[in-house]
Amino acid sequence: VMRSAGEVSRELCDDRFSATGQVNNELLRGRVEDYRSVIAPILPSLASLGFWGGRLPDTILLEAIDRIANAHEKNPMESGITAYLGLRRYPVATCLYAAGIGAIARSNFRSLFRILRDTVYYEHGRTKRKLWTEIAFWAAENRELWNKHVLGRDNYFPVSDVLEQNLRDPLAEIIPSDLRFVEAFDRFEF
């Protein structure tokens, strides 16, 4: 898991995720797909660690999320195209949701508590805020971006809709029931 988290972290700093260059709806959708392909291999592991929990699994899970959440610290993007900067938190949001939904699916509230309490988002080498808070603000601030450019339609919670849709398959092994998945997703989010 740690090797995979390191690989994801390195890939997220790749030039293909630069915040510069041309931008249009097709390129933004492609960026989301690229992010999805980078994080897809680690999502089942994060969900499983959240599901089973315990001292060692929680430690591994929190460290993996931290590496992915703060990959940008290795290659800070302080300026660039707002739309690309606005998509930058999508990978870690997906990872955080996978771990949290896994914990909720097994009523593993101790791990859920640690996921929400102990993960932080850094900016310029300093703690900015709890990761969950950062993701919540990010989702709310970027509603128009996701509706107008990524989805091409108006949704009230576009980021939530995308996350729910994109997490179903990777979490199917630990949550085989669609109903249980939707319940766990909703409980995590609200």
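A disulfide is taken here as a pair of cysteine sulfur atoms within 2.5 Å. By that criterion the structure holds zero disulfides, and the sulfur of cysteine 13 shows why, since the closest cysteine sulfur, in cysteine 95, is 14 Å away and thus too far for a bond. Cysteine 95, for its part, is in no disulfide either, with the sulfur of cysteine 13 as its nearest cysteine sulfur. Cysteine 13 counts as buried because its relative accessibility is 18%, and cysteine 95 counts as buried at 0%; buried means under 20% relative accessible area, exposed over 50%, and partly exposed in between, with a 1.4 Å probe and protein chains only.

The model is predicted, so local features need pLDDT of at least 70 and side-chain atom pairs count only at pLDDT 80 or more, while totals for chains, interfaces and linings use all residues. Residues are numbered from 1 along each chain as its sequence is written, and side-chain values use heavy atoms, with hydrogens and water left out.

A nonpolar core is a set of buried Ala, Val, Leu, Ile, Met, Phe, Trp, Tyr and Cys residues joined through side-chain atoms within 4.5 Å, and helices (H or I, at least four residues), like strands (E, at least two), are DSSP runs numbered from the N terminus. When residues up to four places away in sequence are not counted, isoleucine 101 touches Leu167, Leu171, Ile175, Phe181, Ala184, Phe185 and Phe188, where contact means heavy atoms within 4.5 Å.

Aromatic residues come next. A search of the whole structure finds ten aromatic pairs, a pair being rings of Phe, Tyr and Trp (its six-membered ring) with centres within 6.5 Å, and with planes under 30 degrees apart counted as stacked, over 60 as edge-to-face and the rest as tilted. One of them joins tyrosine 97 and tryptophan 132, whose ring centres are 5.8 Å apart with planes at 45°, so the pair is tilted. Because tyrosine 97 lies in helix 6 and tryptophan 132 in helix 8, this pair ties together parts that are 35 residues apart in sequence. Tyrosine 97 counts as buried at 5% relative accessibility, whereas tryptophan 132, at 23%, counts as partly exposed. The ring of tryptophan 132 also pairs with that of phenylalanine 188, with centres 4.9 Å apart and planes at 65°, so this pair is edge-to-face. It links tryptophan 132 in helix 8 with phenylalanine 188 in helix 11 (residues 178–189), distant parts of the chain 56 residues apart. Phenylalanine 188 counts as buried, at 6% relative accessibility, and one aromatic cluster is formed by Tyr97, Trp132, Phe181, Phe185 and Phe188.

Helix 8 (residues 131–141) also contains glutamate 134, which counts as buried at 3% relative accessibility. Leaving aside neighbours within four places in sequence, glutamate 134 is in contact with Arg89, Tyr121, Lys128 and Arg129.

Elsewhere, charged ends sit over rings, meaning that NZ of Lys or CZ of Arg is within 6 Å of the ring centre and within 35 degrees of the ring normal. The charged end of arginine 31 sits over the ring of tyrosine 84, 3.9 Å from its centre, and that of arginine 106 sits over the ring of phenylalanine 51, 5.8 Å from its centre.
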